[in-house]
Amino acid sequence: MDFKPRNQKDQSLSEIRYTYSARNLWSGFLFGIGLVAFIDEAIFHQLLHWHHFYDKSTSNIGLVSDGLFHALSWFATVGSLFMFADLRRRKGLWLKRWTGGVLLGAGSFQLYDGTIQHKLMRLHQIRYNVDILPYDLIWNIAATGMILIGISLIIRTRRSLLKMKAEGRYAQ
Amino acid sequence: MHSNGHIQNDNGALFESILLILPALVIVIYIAAVVISSRRYQKWPLYRTFSWILGIICAASAIIGPIANRAHMDFTAHMVGHLLLGMIAPILLVLAAPITLALRTLDVQSARRLSKLLKSWPLRILSNPTIASALNIGGLWILYTSGLYGLMHQSALLRALVHFHVFIAGYLFTASMIYMDPAPHRFSFMFRAIVFTISLAGHDILSKYIFAHPPSGVTKEQAENGGMLMYYAGDAIDVTIICILCYQWFKATRPKESLAL
């Protein structure tokens, strides 16, 4: 990090954003993972009863990966929100970059769930006793859409970061 | 057969009355310490006293009373008791900061001896998050995947040992994750977060494993109910620990604005 402000007064908004751009991205990414995991578990498992946490005798790896992912998503949700609060109190919150992180995290988890867990490891399917194709299509296309929008937001904020950095050099 | 049951009952009654005195005694000692130390120092926060009383009641209700009695035949009741003893009571007792209170109350020499004990190498090993997690989660794996669960209901001594282990390991685990008391052997937030996530995963995997593979002497239906309870209630309690851990991080990393100017 070669853009260290000399003191607190020098720190303009863009400089703070520059300092905390990675934390914005991480906080959003982790929150996105937690959000989708929570929606999946609360709505599909518990409210709609479309599928359950143990649908068939799964492989041991499936069980372990599921447990790890569940634990990670709990920690990610709480931890990312505390990071969000930390960014706010440092006035370093960059909502556009954070949202990019959320969409990338949410989309990545959903696509992983929809392809690896549902299809490759066959842990469970979205629904049973119906034609599953439309459900799979909606789930995975929504995931891909989130990833694409997330990445475009991240690229755009990165561009303005690079621009800021260049201007900062001129100013010095 | 009949007389055997009778003798067991007599022993049980004696055992129960001892078990009833112990928690009451621990609560009285804590309150006495609060009174003594509040005279000398700042007032001891009321929530800590409440937390201690509630924690002791939770732990006691897992060993004596209706839940404990039903636990012999009902796996779900056993799991309720396990949650009270191994998860809820430890959090409440850690939040009550008993070691801080002891250090404030004891005379200087005894307090020094206590802090020396806390810094000793056996406690260094036991308070290591990885060791504490292994004792806590590993102990549960052994209990529910070996024949131990079935044996535990035949021997009162074994049952007492298992309860003791679940309680102590739960307390060690919680205390190694959230530092409410002085902790001489500290670990970074990141390290504790990683270890905690792995142990939470171990807990989740075990509860699903119980759901599918009933422990010895447990019916399929009971194992499913108990496994689900362990999964969801365990989550709720673990999220509380995560929130406390993250809040401690949030406080510790507060930017020092006044110094920058």
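**Entry 1: the interface of chain B and chain A**

I looked up the contacts between the two chains and found 29 residues of chain B in contact with 25 residues of chain A. I note that the model is a predicted one. I then took the buried area: chain B and chain A bury about 2,700 Å² between them, and 76% of that area lies on carbon and sulfur atoms. I asked which residues of chain B lose the most area to chain A. They are Ile205(B), Lys208(B) and Phe250(B), which together make up 22% of what that side buries.

I searched for salt bridges across the interface of chain B and chain A, and the rule finds zero.

**Entry 2: the side of chain B that touches chain A**

I traced this side to its helices. At least two residues each are supplied by α11 (189–212), α12 (220–252) and α13 (257–260) of chain B. The largest share, 12 residues, comes from α12(B).

**Entry 3: Ser37(B)**

I located Ser37(B) in helix α1 of chain B, which covers residues 2–40. Is Ser37(B) buried or exposed? I classed Ser37(B) as buried because its relative accessible area is 0%, and the cut-off for buried is under 20%. Setting aside neighbours within four places in sequence, I listed Gln42(B), Leu101(B), Arg104(B) and Thr105(B) as the residues in contact with Ser37(B).

How values were computed
Residues are numbered from 1 along each chain as its sequence is written. Chains are lettered from A and ligands numbered from 1 in the order in which they are written. This is a predicted model: local features need pLDDT of at least 70, side-chain atom pairs count only at pLDDT 80 or more; totals for chains, interfaces and linings use all residues. Side-chain values use heavy atoms; hydrogens and water are left out. Contact means heavy atoms within 4.5 Å. Buried area is the accessible area (1.4 Å probe) that two parts lose on being put together, summed over both. A salt bridge is a side-chain nitrogen of Lys or Arg within 4 Å of a carboxyl oxygen of Asp or Glu. Helices (H or I, at least four residues) and strands (E, at least two) are DSSP runs, numbered from the N terminus. Buried means under 20% relative accessible area, exposed over 50%, partly exposed in between (1.4 Å probe, protein chains only).
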